[in-house]
Every structure is written in structure tokens, then in C-alpha cells.
Amino acid sequence: MALALVTCGPAYEPIDEVRRITNQSTGELGSLLAETLGRANFEVLCLRGEMAVYPAPQDVKVVPFTTNASLLGLLERLPIQPAAVF
């Protein structure tokens with residue numbers, strides 16, 4: 001089964017101990033895409049920003065991330081090369 005990688009939801013970057021910059025992604029599009037790919041018989045890995053407000057996709061593997069650096073770390077440690085990246 002081919003691996004499809006989907007990222008969704010916001011990342012944030014700390015400015016200092018109190019402030020941070022973030023985007024306002026809800027995670028909706030990525031969650032819907034991940035579920036659709038799962039129903040199409042892909043093995044799906046969804047990397048989901050911890051602050052996403054849309055419900056997490058069902059029946060796929062979901063791994064949380066916080067910052068862009070944490071997302072990069074997850075991408076660098078993928079066990080196999082994805083067939084598709086979204």
C-alpha cells in the first residue's frame with residue numbers, strides 16, 4: 001500500500017518566552033483530504049498541528065507537531081518515502 005503524507009493545521013514559532021507567531025489554519029482541508037485518501041486505500045500519515053480546531057481525521061495515523069522545526073524533524077524521520085505529499 002502506498003503512503004500518502006498530509007500536513008494540516010497551524011504551526012507556531014516562538015518569538016520569546018511569552019509571544020509567538022502562528023497561522024490561522026483550522027486543519028479542515030487536510031483532515032478531509034486524509035480521510036478521503038484513507039478510503040481510497042492509501043496508507044495515510046497525517047502530520048497535524050496541535051492547535052488545529054477541526055476534528056482530527058478518522059481511520060488514519062495522526063502525529064501532532066507544534067513548530068515548523070518539530071514538523072521538519074518528523075519529515076526527516078519518515079520510515080519510508082511517501083508516494084504523495086499534500
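This is a predicted model: local features need pLDDT of at least 70, side-chain atom pairs count only at pLDDT 80 or more; totals for chains, interfaces and linings use all residues.
Residues are numbered from 1 along each chain as its sequence is written, and side-chain values use heavy atoms, with hydrogens and water left out.

**The sheet**

- Four strands make an open sheet in the order β5-β4-β1-β6, with parallel pairing.
- At the edges sit β5 and β6, each of which pairs on one side only.
- Residue L5 has a bridge partner in β4, namely L45, and a bridge partner in β6, namely V85.

**What is buried**

- Buried means under 20% relative accessible area, exposed means over 50%, and partly exposed lies in between (1.4 Å probe, protein chains only).
- Strand β4 has six of its seven residues buried, so β4 is largely enclosed by the rest of the structure.
- Strand β1 is also largely enclosed by the rest of the structure, because five of its six residues are buried.

**The nonpolar cores**

- A nonpolar core is a set of buried Ala, Val, Leu, Ile, Met, Phe, Trp, Tyr and Cys residues joined through side-chain atoms within 4.5 Å.
- The largest nonpolar core has nine residues: L3, L5, A11, L45, L47, V63, F65, L71 and L74.
- At least two residues of this core come from each of β1, β4, β5 and α2 (68–76).
- Another core lies apart from it and has eight residues, including C8, L37, V44 and V60.
- In soluble globular proteins, nonpolar side chains tend to be buried together.

**The largest pocket**

- A pocket is found on a 1 Å grid over the protein atoms alone: it is an open set of points where a 1.4 Å probe fits, with protein on both sides within 12 Å along at least five of seven lines, and its lining residues have an atom within 4 Å of a point.
- The largest pocket has a volume of about 200 Å³, where volume is the space filled by probe spheres set on grid points joined across faces, edges and corners.
- Its lining consists of L3, E43, V44, L45, L47, K61, V63, L74, R77, L78, P79 and I80.
- The elements that give two or more residues to this lining are β4 (43–49) and β5 (61–65), and β4 gives the most, with four residues.
- By class, the lining has nine nonpolar, no polar and three charged residues; here Ala, Val, Leu, Ile, Met, Phe, Trp, Tyr, Cys and Pro count as nonpolar, Asp, Glu, Lys and Arg as charged, and the others, Gly among them, as polar.

**Residues to look up**

- Contact means heavy atoms within 4.5 Å, and the contacts below leave out residues up to four places away in sequence.
- Residue L3 touches E43, V44, L45, I80, P82, A83 and A84.
- Residue T67 is found in the loop between β5 and α2; T67 is buried at 14% relative accessible area, and is in contact with A11, Y12, E13 and P14.
- Residue G27 has its place in the loop between β3 (20–22) and α1 (28–39), and counts as buried at 5% relative accessibility.
- Contacts of G27 are C8, G9, A52 and Y54, and its C-alpha atom is separated by 7.6 Å from that of G49, 22 residues apart along the chain.
- Residue R20 has its place in strand β3, and is partly exposed, with a relative accessible area of 45%.
- Contacts of R20 are Y12, E13, P14, I15 and M51, while the C-alpha atoms of R20 and M1, 19 residues apart along the chain, are separated by 39 Å.

Key. Two strands pair if DSSP finds at least two bridges between them.
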